[in-house]
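Me: Please take a close look at one part of this model. I would like to see how its pieces pack against each other.

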Amino acid sequence: MNKQSVYSVICLFVMFILFSGYILPQKKIKLQFHHFAGAKPLVLGDTIVNPFGEKLVVERFKYYLSNFILTDLSGKKESIPNSYFLVDEADSASKTIELNTSLKKIIAIEFMIGIDSIKNCSGIQTGVLDPMKAMFWTWNTGYVFAKLEGQSSASKSAAHRFTYHVGGFKEGENAIKKIRLALTEQNQPIHVSADINSWFNSRHPIKISESPVCHAPGPLALQLADNYSNMFSILPK
Amino acid sequence: MKQLKIIFFFCLLVMIVSGWINDGFKPHPLKLIVPKGWPAPIYDFKTNPLTQEGFDLGKKLFYDGRLSRDGKFSCGSCHQQFAAFTTMDHSLSHGFNNALTTRNAPALQNLAWQKTFMADGGITHLDLQPLAPITAENEMAETIENVINKLKSDKDYRKLFKAAFGNDTINTQRMGKALSQFMVLLVSSNSKYDRVMRGEDQFILPERLGYEIFNKKCINCHPAPFFTDFNFRNVGLAVDDVLNDLGRMRVTRQSKDSLLFKVPSLRNVAVTAPYGHDGRFFSLINVFEHYRKNMVLGPTTDSLLKNRMPLTNYEIGQLRAFLNTLTDSAFLRDSRFSESGGNNKPPTNHVH
């Protein structure tokens with residue numbers, strides 16, 4: 001091999017290393033979340049009525065989505081590494097999620113509502129998982145997976161507040177929910193709706209008048225998680 | 001040919017320069033020396049390698065009142081070195097706005113060997129532990145966000161974070177890691193008991209007799225080298241009707257865990273009064289009286305204590321003599337850990 005070809009091989013190799021990230025085929029999947037209370041768009045601060053006729057004002061609605069897995073037409077699955085998102089009604093930017101994938105025709109999106117036990121158990125995390133986001137129980141290690149809170153005249157709790165903080169990853173109190181949404185078309189962005197009415201009336205009827213507060217893992221958190229696991233659906237275009 | 005050569009040398013230059021930039025970060029590594037005969041630590045040093053710079057930052061954070069809402073409460077205000085990092089002479093500690101804590105401040109020692117933290121074991125990682133007192137309304141009463149913002153706006157902290165972690169990013173994770181670096185080096189392993197076990201000293205008669213009684217009556221729950229088995233047990237303290245503290249059950253929600261609390265270490269026990277999870281016992285004599293007479297027996301009382309613990313006055317006297325040998329005065333006075341002891345020498349463990 002002459003000198004020139006040695007240089008060109010080394011050069012190509014170095015450039016490949018430097019630019020490999022850009023060369024591999026990548027597609028962006030965009031999900032846009034829309035929050036509803038029944039048929040009406042959810043507006044923080046507005047008085048609404050839940051399925052039991054209880055009046056309420058939602059002040060905070062946020063939840064973690066993680067561990068995304070995409071499936072293409074041929075059935076091939078791709079796990080999206082480090083896919084952790086905190087969707088917050090108060091932060092419109094957080095309601096759009098982008099995923100990088102090498103798959104072409106996506107027919108299903110799977111994800112967790114909540115945070116896997118590994119991230120719950122390995123010290124302090126950064127980014128959206130930073131405990132600074134106030135989605136973490138400091139006294140009983142673990143993430144709050146989802147929060148719905150506000151005021152309701154039906155609540156007998158202090159200041160007529162209702163506060164649903166749902167979490168729990170240990171055996172017997174595991175509130176992690178796996179969701180699968182099937183896609184029928186390939187339009188982007190994919191519009192996903194989340195209906196807070198599911199929190200109250202889905203698998204379990206949960207009335208603010210009876211259970212206004214959930215601040216720990218346990219039976220009520222499990223019931224709320226069962227309920228909100230039905231809150232997502234794909235919006236027709 | 002010439003162009004290729006130029007591109008090649010350019011690539012080489014980029015690689016060398018990027019390597020040189022990274023090389024600017026050279027913290028001084030520290031090592032936790034495991035005392036002879038002790039098990040390997042549980043704390044994961046791979047994800048948080050100990051360095052002098054990390055330790056120094058952790059110590060500054062530990063003694064910084066700005067971690068609390070009104071600036072008055074540092075970690076060190078309730079964890080005083082001379083009391084083995086408990087609150088001297090306080091059943092419960094004072095927090096923000098004249099509030100009291102609901103439990104007795106635990107000693108901070110040998111934390112690298114602990115799997116869970118708090119009397120109920122609710123916290124499962126040392127890095128996460130400081131977030132509980134920082135955010136508790138009756139302790140430091142601050143939000144993590146405010147703490148991080150205060151640190152970010154301080155030039156000294158930006159320098160210290162850079163020295164410890166390579167750049168001046170300040171976040172919760174780095175704060176927790178730095179505090180852990182300080183806390184894991186709080187190793188107490190040089191009491192008279194340790195010297196005797198190493199053959200460097202001898203028990204006097206009451207200490208030796210106390211040690212024998214200890215090995216018969218106490219060792220099941222308080223085994224060496226930590227003088228705790230780190231388990232949760234109900235030792236018959238009646239529920240306080242104000243605190244209504246159910247202990248381990250708060251975390252597990254299982255009735256079998258009602259009134260179970262973590263067995264405390266007896267290292268430095270002579271300086272960590274008051275005793276009990278809510279500090280209800282003001283002296284060791286109260287504790288012995290509790291075990292032999294006052295224990296409340298219930299469905300979750302520890303099986304080893306179903307008949308309480310018969311102790312004679314003689315035994316109590318000898319046990320006290322032995323327990324005093326667990327005081328590690330070198331640890332209590334070690335200037336590396338004190339607020340003012342600002343020598344810049346790298347800490348070295350006193351391991352013989």
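Reply: Domain bounds here come from an automatic or database domain assignment. On that basis, chain B is divided into domain 1 (52–187) and domain 2 (192–329). This is a predicted model, where local features need pLDDT of at least 70 and side-chain atom pairs count only at pLDDT 80 or more, while totals for chains, interfaces and linings use all residues. Residues are numbered from 1 along each chain as its sequence is written, and chains are lettered from A and ligands numbered from 1 in the order in which they are written.

The C-alpha centres of domain 1 and domain 2 of chain B lie 27 Å apart. Contact means that two C-beta atoms, placed from the backbone, lie within 7 Å. Across the boundary in chain B, 21 residues of domain 1 are in contact with 23 residues of domain 2. The domain 1 side of chain B that touches domain 2 has eight nonpolar, ten polar and three charged residues. In this scheme Ala, Val, Leu, Ile, Met, Phe, Trp, Tyr, Cys and Pro are nonpolar, Asp, Glu, Lys and Arg are charged, and the others, Gly among them, are polar.

Now the helices. Chain B has 13 helices and two strands. Helices (H or I, at least four residues) and strands (E, at least two) are DSSP runs, numbered from the N terminus. Helix α2 (residues 52–62) and helix α7 (residues 172–184) of chain B have axes that come within 7 Å and cross at roughly 95°. Those axes are lines fitted to C-alpha atoms over the stretch in contact, with angles from 0 to 180 degrees between N-to-C directions. α2(B) is therefore roughly perpendicular to α7(B), a label for 65 to 115 degrees. Among the contributors are Phe55(B) and Leu61(B) from α2(B), and Met175(B) and Phe182(B) from α7(B). The residues of this α2(B)–α7(B) contact divide into eight nonpolar, four polar and two charged.

Next, the core. A nonpolar core is a set of buried Ala, Val, Leu, Ile, Met, Phe, Trp, Tyr and Cys residues joined through C-beta atoms within 7 Å. Buried means 20 or more other C-beta atoms within 10 Å of the residue's own, placed from the backbone. The largest such core has 62 residues, and Met183(B) and Leu186(B) have the most contacts inside it. α7(B) gives the most to this core, with six residues. Domain 1 (52–187) and domain 2 (192–329) of chain B each supply at least three residues to this core. Beyond its neighbours within four places in sequence, Met183(B) is in contact with Leu108(B), Leu111(B) and Leu126(B).

Key
Parallel < 35°, antiparallel > 145°, perpendicular 65-115°, else oblique. Buried ≥ 20, exposed ≤ 12 C-beta atoms within 10 Å, placed from the backbone.
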